[in-house]
Amino acid sequence: MASGFLTSPTATSVVKADSTWVKDGKWTQYHKDGKRKVVGTFKNGVYTGKYMSYHESGKKGLEGMYNKFQGKSSDGTKDGPWKYYSEDGKTIWRIITYKRGARTREDEFPLGHCHACGNAVKSPEHVKCPGCGTGY
Ligand SMILES: [Zn+2]
C-alpha cells in the first residue's frame, strides 16, 4: 500500500512494525505546484479517520472517513459517506456510501446525469458535457 510519493513533514510519521517502517500519523501528498493534493492519516500503516483530497485549484475535491484503528481487519477500510466535490469545492456531485469498505447503497449523483450519454454531471455551472459534448 505504500505510495512512495507521499511526503510527511515530521520524522515521527513512521513507526516500525514487523521490522519494516510503516506510515503513522498525518501524511500529505502535493500537486506539482506545491499545493496539497491529499491529506490522510495512518495508524500502524493503515488508513484511519478523515481523508481529504483537493483539486489543483486548492479547493476541496473529496472527503471521506476510514474506519477507526482498533487493530481489526476492518480497519483501513472506507466507512460512511465519501463526498466528491465539484471544482468550486462546495457542490457535491457524487456520494458513495461505504460500510467496512463495501458499498451499502447505489451511488448518489445530486446533480443528475447527462440526458444524452448518461454520464454524471460534475459541475453546477456545466454548459457542455465533457463525455459527449452535448450542451445543457
Ligand atoms: Zn453527455
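Predicted model: local features only at pLDDT ≥ 70, side-chain atom pairs only at ≥ 80, totals over all residues.
Strands here are DSSP runs of E, at least two residues long, numbered from the N terminus.

**Overall make-up**
- Along the sequence, the elements follow the pattern β-β-β-β-β-β-β-β-β-β.
- Taken along the principal axes, the box filled by the C-alpha atoms is roughly 55 × 35 × 20 Å.
- Of the 136 residues in the protein, 13% are buried.
- Looking at contacts between residues at least 6 apart in sequence, 18% join residues at least 24 apart.

**Confidence in the model**
- The protein has a mean pLDDT of 87, with 90% of its residues reaching 70 or more.
- Among the elements, β8 has the highest mean pLDDT, at 98, while strand β1 (residues 14-17) has the lowest, at 76.
- Over residues 1-5 the pLDDT stays under 50, and the model has one contact beyond four places in sequence for this stretch.

**Strands β7, β8 and β9**
- Strand β8 (residues 80-85) pairs with strand β7 (residues 60-66) in the antiparallel sense, over two bridges.
- Within this part of the protein, L62 stands opposite Y84 in β8.
- On to the next partner: β8 and strand β9 (residues 92-99) run antiparallel and are joined by six bridges.
- Here P81 stands opposite T97 in β9.
- The hairpin of β8 and β9 has six residues between the strands, and G89 in this hairpin takes a positive phi near 75 degrees.

**A closer look at T41**
- Which residues is T41 in contact with, leaving aside its neighbours within four places in sequence? These are G25, K26, T48, G49 and K50.
- T28 lies 13 residues from T41 in sequence, and their C-alpha atoms are 8.6 Å apart in space.

Methods: Residues numbered from 1 in each chain as written. Pairing = 2+ DSSP bridges. Helix = DSSP H or I, 4+ residues; strand = E, 2+ residues; numbered from the N terminus. Buried ≥ 20, exposed ≤ 12 C-beta atoms within 10 Å, placed from the backbone. Contact = placed C-beta atoms within 7 Å. pLDDT = per-residue confidence, 0-100.
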